[in-house]
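Here is a short report on helix packing and the nonpolar core. The model is shown first.

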Amino acid sequence: MLSRLFAPTVKVSAHCDLPCGVYDPAQARIEAESVKAVQEKMAANDDPHFQARATVIKEQRAELAKHHVSVLWSDYFKAPHFEKYPELHQLVNDTLKALSAAKASKDPATGQKALDYIAQIDKIFWETKKA
(Lines give C-alpha, C1' and ligand atoms only; values in the text may rest on other atoms or scores of the structure.)
Protein backbone atom coordinates (compact mmCIF):
# COMPACT_ATOMS: atom_id res chain seq x y z
CA MET A 1 0.00 0.00 0.00
CA LEU A 2 2.69 2.52 1.00
CA SER A 3 4.85 1.58 -1.97
CA ARG A 4 2.02 2.49 -4.32
CA LEU A 5 1.47 5.76 -2.50
CA PHE A 6 5.12 6.81 -2.92
CA ALA A 7 5.70 5.24 -6.33
CA PRO A 8 6.39 7.67 -9.16
CA THR A 9 3.43 8.19 -11.43
CA VAL A 10 5.35 9.69 -14.33
CA LYS A 11 8.72 8.64 -15.69
CA VAL A 12 10.89 11.29 -17.28
CA SER A 13 14.26 11.18 -18.96
CA ALA A 14 16.72 13.72 -20.29
CA HIS A 15 20.20 13.59 -21.76
CA CYS A 16 21.44 15.75 -18.88
CA ASP A 17 20.59 16.29 -15.20
CA LEU A 18 18.10 19.06 -15.86
CA PRO A 19 16.35 20.35 -18.96
CA CYS A 20 18.79 21.94 -21.37
CA GLY A 21 19.83 25.47 -20.78
CA VAL A 22 21.61 25.08 -17.47
CA TYR A 23 25.00 24.16 -18.95
CA ASP A 24 27.20 26.67 -20.72
CA PRO A 25 30.98 26.87 -21.22
CA ALA A 26 30.67 30.62 -20.70
CA GLN A 27 30.90 30.00 -16.96
CA ALA A 28 34.33 28.40 -17.37
CA ARG A 29 35.41 31.13 -19.81
CA ILE A 30 34.47 33.93 -17.42
CA GLU A 31 36.44 32.34 -14.59
CA ALA A 32 39.44 31.72 -16.88
CA GLU A 33 39.28 35.33 -18.08
CA SER A 34 39.51 36.35 -14.42
CA VAL A 35 42.56 34.13 -13.97
CA LYS A 36 44.32 35.79 -16.89
CA ALA A 37 43.31 39.28 -15.74
CA VAL A 38 44.71 38.60 -12.27
CA GLN A 39 47.92 37.28 -13.80
CA GLU A 40 48.27 40.52 -15.80
CA LYS A 41 47.67 42.61 -12.68
CA MET A 42 50.23 40.54 -10.77
CA ALA A 43 52.82 41.29 -13.44
CA ALA A 44 52.22 45.02 -12.97
CA ASN A 45 52.35 45.14 -9.16
CA ASP A 46 55.12 43.76 -6.99
CA ASP A 47 53.60 44.65 -3.61
CA PRO A 48 53.80 41.43 -1.56
CA HIS A 49 50.38 41.96 0.05
CA PHE A 50 48.80 42.50 -3.35
CA GLN A 51 50.59 39.42 -4.69
CA ALA A 52 49.28 37.30 -1.82
CA ARG A 53 45.68 38.45 -2.29
CA ALA A 54 45.91 38.10 -6.05
CA THR A 55 47.29 34.57 -5.73
CA VAL A 56 44.32 33.49 -3.61
CA ILE A 57 41.83 35.00 -6.06
CA LYS A 58 43.62 33.50 -9.10
CA GLU A 59 43.65 30.06 -7.53
CA GLN A 60 39.97 30.25 -6.59
CA ARG A 61 38.97 31.35 -10.09
CA ALA A 62 41.05 28.59 -11.68
CA GLU A 63 39.36 26.00 -9.46
CA LEU A 64 35.94 27.35 -10.42
CA ALA A 65 36.85 27.16 -14.12
CA LYS A 66 38.02 23.57 -13.63
CA HIS A 67 34.74 22.79 -11.88
CA HIS A 68 32.66 24.16 -14.76
CA VAL A 69 34.67 22.24 -17.35
CA SER A 70 34.37 19.05 -15.28
CA VAL A 71 30.61 19.49 -14.97
CA LEU A 72 30.28 19.83 -18.74
CA TRP A 73 32.34 16.68 -19.21
CA SER A 74 30.52 14.59 -16.61
CA ASP A 75 26.95 15.92 -16.80
CA TYR A 76 26.36 17.47 -20.22
CA PHE A 77 28.47 15.59 -22.76
CA LYS A 78 27.16 12.08 -23.40
CA ALA A 79 28.24 9.06 -25.47
CA PRO A 80 26.89 10.39 -28.78
CA HIS A 81 28.93 13.59 -28.31
CA PHE A 82 32.11 11.60 -27.61
CA GLU A 83 31.44 9.47 -30.68
CA LYS A 84 30.99 12.50 -32.91
CA TYR A 85 33.91 14.38 -31.30
CA PRO A 86 36.49 11.72 -30.39
CA GLU A 87 38.97 14.43 -29.40
CA LEU A 88 36.65 15.67 -26.64
CA HIS A 89 38.05 13.52 -23.82
CA GLN A 90 41.60 14.68 -24.55
CA LEU A 91 40.46 18.27 -25.02
CA VAL A 92 38.78 18.31 -21.61
CA ASN A 93 41.87 16.76 -20.03
CA ASP A 94 44.14 19.31 -21.73
CA THR A 95 41.85 22.12 -20.58
CA LEU A 96 41.93 20.95 -16.98
CA LYS A 97 45.73 20.63 -17.10
CA ALA A 98 46.02 24.12 -18.61
CA LEU A 99 43.83 25.54 -15.85
CA SER A 100 46.00 23.82 -13.25
CA ALA A 101 49.08 25.34 -14.87
CA ALA A 102 47.46 28.80 -14.88
CA LYS A 103 46.51 28.34 -11.23
CA ALA A 104 50.18 27.76 -10.39
CA SER A 105 51.60 30.51 -12.59
CA LYS A 106 51.83 34.28 -12.78
CA ASP A 107 52.36 34.14 -16.54
CA PRO A 108 49.28 35.39 -18.45
CA ALA A 109 50.26 33.08 -21.33
CA THR A 110 49.12 30.15 -19.20
CA GLY A 111 45.78 31.84 -18.66
CA GLN A 112 45.46 32.43 -22.39
CA LYS A 113 46.26 28.79 -23.15
CA ALA A 114 43.41 27.72 -20.85
CA LEU A 115 41.10 30.21 -22.59
CA ASP A 116 42.08 28.79 -25.99
CA TYR A 117 41.15 25.28 -24.87
CA ILE A 118 37.87 26.50 -23.39
CA ALA A 119 37.08 28.15 -26.74
CA GLN A 120 37.45 24.75 -28.42
CA ILE A 121 35.08 23.16 -25.89
CA ASP A 122 32.68 26.06 -26.45
CA LYS A 123 32.69 25.43 -30.21
CA ILE A 124 31.88 21.74 -29.75
CA PHE A 125 29.27 22.51 -27.08
CA TRP A 126 27.34 24.85 -29.38
CA GLU A 127 27.59 22.39 -32.26
CA THR A 128 25.95 19.75 -30.04
CA LYS A 129 23.16 22.19 -29.19
CA LYS A 130 22.28 22.46 -32.91
CA ALA A 131 21.81 18.72 -33.22
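Axes are lines fitted to C-alpha atoms, for helices over the stretch in contact, and angles run from 0 to 180 degrees between N-to-C directions. Helices are DSSP runs (H or I, at least four residues), numbered from the N terminus. This is a predicted model: local features need pLDDT of at least 70, side-chain atom pairs count only at pLDDT 80 or more, and totals for chains, interfaces and linings use all residues. Residues are numbered from 1 along each chain as its sequence is written, and side-chain values use heavy atoms, without hydrogens and water.

| Helix pair | Axis angle | Axis distance |
|---|---|---|
| H2 (residues 26-43) and H3 (residues 48-76) | roughly 160° | within 8 Å |
| H3 and H5 | about 170° | 9 Å |

H3 is therefore roughly antiparallel (over 145 degrees) to H2. H3 is also roughly antiparallel to H5. The contact of H3 with H5 (heavy atoms within 4.5 Å) includes Val69 and Trp73 of H3 and Val92, Leu96 and Leu99 of H5. By class, this contact has eight nonpolar, four polar and five charged residues. Here Ala, Val, Leu, Ile, Met, Phe, Trp, Tyr, Cys and Pro count as nonpolar, Asp, Glu, Lys and Arg as charged, and the others, Gly among them, as polar.

Now the core. A nonpolar core joins buried (under 20% relative accessible area, 1.4 Å probe, protein chains only) Ala, Val, Leu, Ile, Met, Phe, Trp, Tyr and Cys residues through side-chain atoms within 4.5 Å. The largest has 22 residues; Val69, Leu72, Phe77, Leu88, Leu99 and Ile121 have the most contacts inside it. H6 (108-130) is one of the helices that supply at least two residues. The largest share, seven residues, comes from H6.

Methods: Parallel < 35°, antiparallel > 145°, perpendicular 65-115°, else oblique. Buried < 20%, exposed > 50% of the residue type's maximum accessible area, 1.4 Å probe, protein only.
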